[in-house]
Amino acid sequence: MKAGSTETILRARGIGKSFPGVQALAGVDFDLRAGEVHALVGENGAGKSTLARIIAGVEKQDAGQMELNGQPYSAASRAHAETRGVRMVMQELHLIGNLTVAENIFIEKLPSRFGIVDYGKLNGAAIEIMEQVGLADIDPATPVRSLGIGQQQMVEIAAGLSRQCRILALDEPTASLTENETELLFHQIKRLKGEGVGIIYISHSIEEVLRIADRVSVLRDGRGISTADAGELSSSDIIRMMVGRDLEHEQLRHAGRPGEVALRVSGLNLGKKVRNVSFEVRRGEVLGVAGLMGSGRTETMRALFGADTADGGQVYLRGADVPVRIRSPRDAVRSGIAFLTEDRKGQGLLLPLAVRKNISLMRLRDVSRFGWMDVPRECSVACRYVDVLSVRCSSTEQTVGELSGGNQQKVVIAKWLYRDCDVLIFDEPTKGIDVGAKFEIYNQLGKLADKGKAIIFVSSDLKELMAVCDRIMVMSAGTVAETFDRDRWSREKIMAAALSELRADSV
Amino acid sequence: MCGAKPIRYPLYALRSTLYAINRGDNLMAITENERRGMPSLPAFVTDYLGMAMALTVLLVIFGFSAGNFFTLTNFRTIANQVSDTTIVAVGMTFVLIIAGIDLSVGSVMALSGAVLGTCMVRFGLPLAVAIVACLVAGIVCGLANGLVVTRWRLPPFIVTLGMLEVARGVAHLVTGSQTKYIGGAVGVIAGRGLLIPFIVAVIIVILGQLVLSRTVFGRYIVAVGTSEEAVRLSGIDPRPIKLGVFALCGFLTAIAAVISTARMEAADPNAGAGLELRAIAAVVIGGTSLMGGRGSVVSSFFGVLIIAVLEAGLSQMGVGEPTKRVITGCVIIAAVILDQYRHRIRKTAT
């Protein structure tokens, strides 16, 4: 699986880039050979994406030079980079929802005659590319917006693959892909390698990197830490280089003794997505919720929180016999339920506003007098929570949008800690977050449970669930398949439960 | 990490003071930690002083090119003319910040004025009662807009477009399509050549800016405009906030109606035509985003002044109405382009 060629097609020297308040890159060297997969790993905010974006012309470096095939290279824009054969599939989706899959793939050069799109040709060509990435069962005339997020990601990748290029940068391509889709992507990456394309591969998943990459470069705080052949590295080597310290992986929490029932859900229903879900969570307990994508985990939590209106079901608090009425998030918060949404940028935070204003938002009454903001008090509250959670920001006045993913997530947690709810639902809190911040969040979960809070922890990462939770509830096709205690679970049992309902009633 | 420290350096002091005024904070509330995160002085200059400079440049140009521009009468005329637009622009700023729009303000002003005129002329009610009726009419229109927008989740553009027609129709019904001459009875308000309407407008601008940057309501407005869904998922119901903003806009429009009716000494059912576009133009020149979440009342006031000075100056130079409109239109677009550049420069990490 080693790259046959050793011809260096891209040589970057001393690349530097700073954003206000942050040195994103400082003197980074990077080489890419033809026909190799060169992985960039590092915590969020380490500068991986920034480096790839500079190479692809999305950003401009402040310092350093690049050479492409021995020629000086500096891309003024993404389009300019593409004319030099450098392409990037970005982390965020850039599809046009109302256009069809085929139109999105060929958006740059739709086959046409006299200005009229030749749909036969277009769809034909699209089917060819879609088969390569395993989207064969999708009609190329489907509007992109009706696809799931994973499929949309595949369309984005398909669009990237469809065009001739010599360098392809993939930024977290597998973030929302299933295992099957990931396999297909890897297959395509190998094909491109064979054709001599140099691939820059950014990922948080170290296993993935070790599987697909020929060389691995580790970045930390905007500096290149090391570059090595993937064969010579183990995952603990990489983690050590990424965080600069060793991290204990197994069993992060010693379970305490759970107290009384804090929340009991009975017969919750929401269309086909949530079917007759019942469960309970105790004070001082971390309940994990596992399941495949589309198993109804997020939908269950949103219905329980009142974000979407449930068709039926009761929620009981603190062992009460009478259910509480939750018809809106407002009702839920007033009953002491917190929900930290999966989409922290869109729905969890006010990105253009300062850290201070995000933290105080839910309790403005307590940092004001007669409707008049008491800003000093608000500042001291914000500072307190920034310190407690060690949010890395230049000050509480910095806008949240400028923070890295992990620090943004900490601001979300700070905001809900300040609101002080008894039941906290974390939906994928570690998604797109670097390793160091993940561990800080696990610690927070544990601390909250130890303080007598009831925690519901929804995650796609079984390893983290098994490291942190007391019990794991596995959902499958909208129902609760099985609930495991700590001493009874195993990866295999959980996966089997997650698949159980799928086998039973679909296909 | 967060202890308050005295301000040592003069430049810091200037910067901190501006910062404090801008945020509506008191100076000692700014900690060392915050000071590091403060926008640099140039950002402030472009923020408020930029608008003031644009206005000054206009004044200087017209001062030299139009012979009798710098006269007391001229300024008095401009000041009186801008008061109603200014008051409406304050309401419009709030509406735009919650990512809404209110196209009905012109008609609502006519309707409120019609109520005022009819109360006085036809029913012979005392001025105070008539003013209350007028303000109530404005608030009712605003509430109606807000209720429909929040209850049926309709786009404010459509709802207020409907209200634009409805209120205009009602204004004609109330007055029987007649202009109601109320005479000099309200001279108290119009001020007879004094600058009372202008002073009222300035007070409303200051109050509006304070509400926006210093109150809980103001914070909610910015939050709702930034992401309504994030606010809802934080357990805060965004609907009363939006309702409040539309009602406030209606209320301010009615105040503008009182002032303009007093100045004209008549309630004209055709008053306020095109007012909505003038107000929106002024607010946009002031850098408020039509996408919501960002805006400033003081800047909107500058926007009103820039348009008014431009128009007055051009007509003193003998420029005809059509040319004036072309120039005003270009200035609006240029202002927004400039604003975009300013934000692109300040836009930071991805």
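Helices (DSSP runs of H or I, at least four residues) and strands (DSSP runs of E, at least two) are numbered from the N terminus. This is a predicted model, where local features need pLDDT of at least 70, side-chain atom pairs count only at pLDDT 80 or more, and totals for chains, interfaces and linings use all residues. Residues are numbered from 1 along each chain as its sequence is written, while chains are lettered from A and ligands numbered from 1 in the order in which they are written.

**View 1. Chain A as a whole, with 17 helices and 23 strands.** Let's start with the overall picture. The C-alpha atoms of chain A fill a box of roughly 70 × 55 × 50 Å along the principal axes. Buried residues account for 50% of the 507 residues in chain A. Here a residue is buried if 20 or more other C-beta atoms lie within 10 Å of its own, exposed if 12 or fewer, and partly exposed in between, with C-beta atoms placed from the backbone.

**View 2. Where domain 2 of chain A touches domain 3 of chain A.** The domain assignment of chain A, which is automatic or from a database, gives domain 1 (8–243), domain 2 (250–336 + 422–507) and domain 3 (349–420). The centres of domains 2 and 3 of chain A, taken over C-alpha atoms, are 26 Å apart. In this view, 9 residues of domain 2 of chain A are in contact with 7 residues of domain 3 of chain A, contact being C-beta atoms, placed from the backbone, within 7 Å. Helix α15 (residues 435–450) of chain A supplies the largest share of the domain 2 side, 3 residues.

**View 3. An open sheet of 3 strands in chain A, ordered β14-β13-β16.** The pairing is antiparallel, and two strands pair if DSSP finds at least two bridges between them. At the edges are β14 (274–282) and β16 (312–317) of chain A, each pairing on one side only. Neighbouring strands of this sheet are turned by 5 degrees against each other on average, direction ignored. Strand β13 (residues 261–270) of chain A is joined to β14(A) by 6 bridges, and Val261(A) stands opposite Arg282(A) in β14(A). These two strands, β13(A) and β14(A), form a hairpin with 3 residues between them, and Gly271(A) in the turn has a positive phi of about 55 degrees.

**View 4. Helix α9 (residues 297–305) of chain A, lying across β13, β14 and β16 of chain A.** Helix α9 of chain A runs at about 110 degrees to β13(A); axes are lines fitted to C-alpha atoms, for helices over the stretch in contact, and angles run from 0 to 180 degrees between N-to-C directions. α9(A) is mostly covered, with 9 of its 9 residues buried, among them Thr298(A), Met301(A) and Phe305(A). Look just after α9(A) for Gly306(A), which takes a positive phi of about 85 degrees.

**View 5. Trp372(A) in strand β19 (residues 372–373) of chain A.** Trp372(A) counts as partly exposed because it has 15 C-beta neighbours inside 10 Å. Leaving aside neighbours within four places in sequence, Trp372(A) is in contact with Arg214(B) and Thr215(B). Trp372(A) and Thr298(A) are 74 residues apart in sequence and 37 Å apart in space, C-alpha to C-alpha.

Note on methods: Contact = placed C-beta atoms within 7 Å.
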